[in-house]
Amino acid sequence: MSSCRSCGHPDLLPILDLGLQPLANNLPRPEDLGKPEPRFPLCLAVCPGCWLMQITELVPPVTLFSEYLYFSSFSDAMLRHARLAVERYIAEFNLGPRSFVIEIASNDGYLLQNFVAARIPCLGIEPAANIARVARQKGIETLEAFFGLDLARQLAAEGRSADLVLGNNVFAHAPDTNDFVAGLAAVLRPHGRLILEFPYGVDFLEHTEFDTIYHEHVFYFTLTPLLPLFERHGLEIFHVERIPIHGGSLRLFAGRRGEHPVRESVAALLAREEQQGVRSLDWYRGFAERVTRLREELVRLLRTLKQRGHRLAAYGAAAKGSTLLNYYGIGTDLLDFVADRSPYKQGRLMPGVHLPIRPPEALLQERPDYTLLLAWNFADEILAQQEAYRRAGGRFILPIPEVRIV
Ligand code: ZN
């Protein structure tokens with residue numbers, strides 16, 4: 001067992017052991033079936049020193065990111081979320097042609113394209129070559145790199161420090177969290193602001209979102225452990241907002257210490273976390289017990305439906321789908337296929353369980369009686385898109401936070 005990646009405490013306490021799991025974003029092709037599929041331990045633990053939840057074993061990043069298949073632009077909800085956020089930041093922080101914005105893990109430019117349209121200079125940083133290429137084709141300057149202190153110092157030395165540094169769904173994926181936060185501090189102009197969005201650890205625990213655990217997702221952040229982490233690097237969290245995206249996320253605002261008045265939201269959320277039990281081991285144990293109960297319930301339901309002669313499929317070939325199917329042991333014996341909107345995933349197989357991935361239209365063509373909604377974080381969007389399938393009698397099964405048929 002490793003020591004805490006933030007404070008260095010040597011004795012992490014295990015919360016949930018998911019066993020050996022395949023890489024959730026490595027989708028094999030049918031012709032890969034004869035080849036061995038690597039599996040790595042996946043175990044969530046909490047640090048009793050700073051209460052940071054983290055997975056205990058890492059997989060080398062090169063294995064993970066060389067061909068990353070998650071293209072943000074394929075979700076309407078994500079595009080809308082990004083556009084609204086950019087409009088707000090431009091107005092609230094008075095950004096203009098003399099400002100400079102950096103986005104870490106800028107993906108295919110789904111967010112920065114809004115700054116480009118507003119003629120505000122910006123730079124994307126994206127480690128996946130195939131995705132960085134798509135962003136450049138849209139006219140968004142994109143560095144193909146991992147963000148950390150080295151890159152931040154290099155950018156600062158080139159006079160490319162930023163007024164605004166954005167990082168959506170990347171902070172929790174950067175294993176060397178001290179290096180990452182030190183990099184944020186190094187690339188920020190004196191009065192600049194950082195805004196990070198990440199799945200919120202309290203929502204993760206309270207809603208039993210265990211399927212968001214996968215190898216790339218190293219940290220499950222509550223606010224409590226982040227204060228000492230930011231302070232260690234001369235930064236101060238001055239505002240936090242809870243947002244509904246991805247099953248409940250936190251949007252965190254920080255700057256150099258003393259540069260921005262600290263708003264009431266920070267103390268309020270800390271007090272709330274204390275009350276909920278962030279510093280009590282029982283809170284984490286209760287989560288693990290709920291995961292076990294949900295697994296029993298869902299597997300029992302799927303088996304019963306199958307025995308009654310119903311045909312079953314799933315929707316959503318994202319990482320969380322892989323974690324759920326593999327940990328629950330749900331494979332081709334229960335489900336016929338997984339539908340997904342991304343053409344990059346169609347024709348491939350789900351990791352480990354090897355269910356074929358097909359376009360969403362397959363739901364209407366094949367008419368499975370029940371479809372397990374693995375992408376529950378996009379439930380509203382998917383249920384609306386699948387109106388015709390539902391009108392034809394198809395039902396969806398939500399696996400989280402409770403097993404529910406809709
Ligand atoms: Zn710690």
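Tutor: Domain bounds here come from an automatic or database domain assignment. On that basis the protein is divided into domain 1 (63–279) and domain 2 (301–405), and the C-alpha centres of domain 1 and domain 2 lie 31 Å apart. This is a predicted model, in which local features need pLDDT of at least 70 and side-chain atom pairs count only at pLDDT 80 or more, while totals for chains, interfaces and linings use all residues. Residues are numbered from 1 along each chain as its sequence is written, and side-chain values use heavy atoms, with hydrogens and water left out.

Student: How many residues does each domain give to the contact?

Tutor: Contact means heavy atoms within 4.5 Å; domain 1 supplies 18 residues and domain 2 supplies 20 residues.

Student: What area do domain 1 and domain 2 bury between them?

Tutor: Buried area is the accessible area (1.4 Å probe) that two parts lose on being put together, summed over both. For domain 1 and domain 2 the value is about 1600 Å², with 64% of it on carbon and sulfur atoms.

Student: What makes N130, I131, A132 and A135 of helix α4 buried residues?

Tutor: Buried means under 20% relative accessible area (1.4 Å probe, protein chains only), and N130, I131, A132 and A135 are the buried residues of α4 (residues 129–137).

Note on methods. Buried < 20%, exposed > 50% of the residue type's maximum accessible area, 1.4 Å probe, protein only. Helix = DSSP H or I, 4+ residues; strand = E, 2+ residues; numbered from the N terminus.
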